[in-house]
Amino acid sequence: MDIKANLESLKKSFVNSECKLIAVSKTKPIEDLKKAYEAGIRDFGENKVQEIQAKQPEMPADTRWHMIGHLQSNKVKYIAPYVYLIHGVDSFKLLKEINKQGKKIDRVIPVLLQIHIAEEESKFGFDRQELEEMISSSEFSEISHVHVKGLMGMATFTEDETQIRKEFKSLKQLFESLKNKALPSFVQMEELSMGMSGDYQIAQEEGSTMVRIGSAIFGARNYS
Ligand SMILES: *Cc1c(COP(=O)(O)O)cnc(C)c1O
């Protein structure tokens, strides 16, 4: 697997060259991450706390660690000191736990709210009503150690481009509507994390600011 060459051709295929690239290195050995680092990558995405914990000390200090998967509340404390951005905040409970851990170590932790946009039932994330309820609650305005920097979403796993585009469009619309809403100062709509190996070009066309790409860089994953 020529990671450097994959990165070069990937960058060339970007519809928006300003869009940030998160290299999703889950299941991949540290040598692969180092190759990507040598090719200029600083942002790495992992979806398991145990794995991110094991890899973090092995990589240079300026590596930025993105937690992209479903995060259990009881594991927040392990990554709170160093995580660069938590993409998958999918419940108020989790947000409050991140705030609590941030408070403990006096660090404001950057996060994205994961929004349910896919047709599939199985995908995590807030629906519109849950989001509305959280934002308008008094508890929400008391958050002090979290910085909500934007939204994240995953489209349905399908070949149907029209469907994918529709889902990304709806996420972008929500992102824009939140921008225009009066929200607490710890909420700022700056980043829209959408797009993976199979759909990043569509996501970029629909306004993504960050794509999370794994297999197009590191090759297919082996789950054994
Ligand atoms: C694994 C994963 C990705 C990357 O998937 P690829 O199809 O390999 O690019 C992106 N986002 C999330 C949340 C993931 O879990």
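User: Setting aside neighbours within four places in sequence, which residues is Phe175 in contact with?

Analyst: Good place to start! Contact means heavy atoms within 4.5 Å. By that rule, and leaving aside neighbours within four places in sequence, Phe175 touches Gly150, Leu151, Met189, Glu190, Glu191 and Leu192. This is a predicted model, in which local features need pLDDT of at least 70, side-chain atom pairs count only at pLDDT 80 or more, and totals for chains, interfaces and linings use all residues. Residues are numbered from 1 along each chain as its sequence is written, and side-chain values use heavy atoms, with hydrogens and water left out.

User: How far apart are Phe175 and Leu151 in sequence and in space?

Analyst: They are 24 residues apart in sequence, and their C-alpha atoms are 6.8 Å apart in space.

User: Is Phe175 buried or exposed?

Analyst: Here the terms rest on relative accessible area: buried is under 20%, exposed is over 50%, and partly exposed is in between (1.4 Å probe, protein chains only). Phe175 has a relative accessible area of 2%, so it is buried. Its place is in helix H8.

User: How are helices and strands named, and how many does the protein chain have?

Analyst: They are DSSP runs numbered from the N terminus: helices are H or I with at least four residues, and strands are E with at least two. The protein chain has 10 helices and eight strands.

User: Which residues of helix H6 are buried?

Analyst: In H6, residues 128–136, the buried ones are Leu131, Met134 and Ile135. Seen down the helix axis, they fall within an arc of 95°, so they line one face of H6. That arc is taken from the directions from the helix axis to the C-beta atoms. On the other side of H6, Gln129 and Ser136 are exposed.

User: What do the buried residues of H6 pack against?

Analyst: Their partners are helix H5 (92–105), strand E5 (109–114), helix H7 (138–141) and helix H8 (161–179).

User: What is the phi of Asp106?

Analyst: First, the general idea: most residues other than glycine have a negative phi. Phi of Asp106 is near 55°, a positive value in a residue other than glycine. Asp106 lies in the loop between H5 and E5, and at 65% relative accessibility it counts as exposed.

User: And where is Thr27?

Analyst: Thr27 sits in the loop between strand E1 (20–24) and helix H2 (30–38). Its phi is near 70°, a positive value in a residue other than glycine. With 33% relative accessibility, Thr27 counts as partly exposed.
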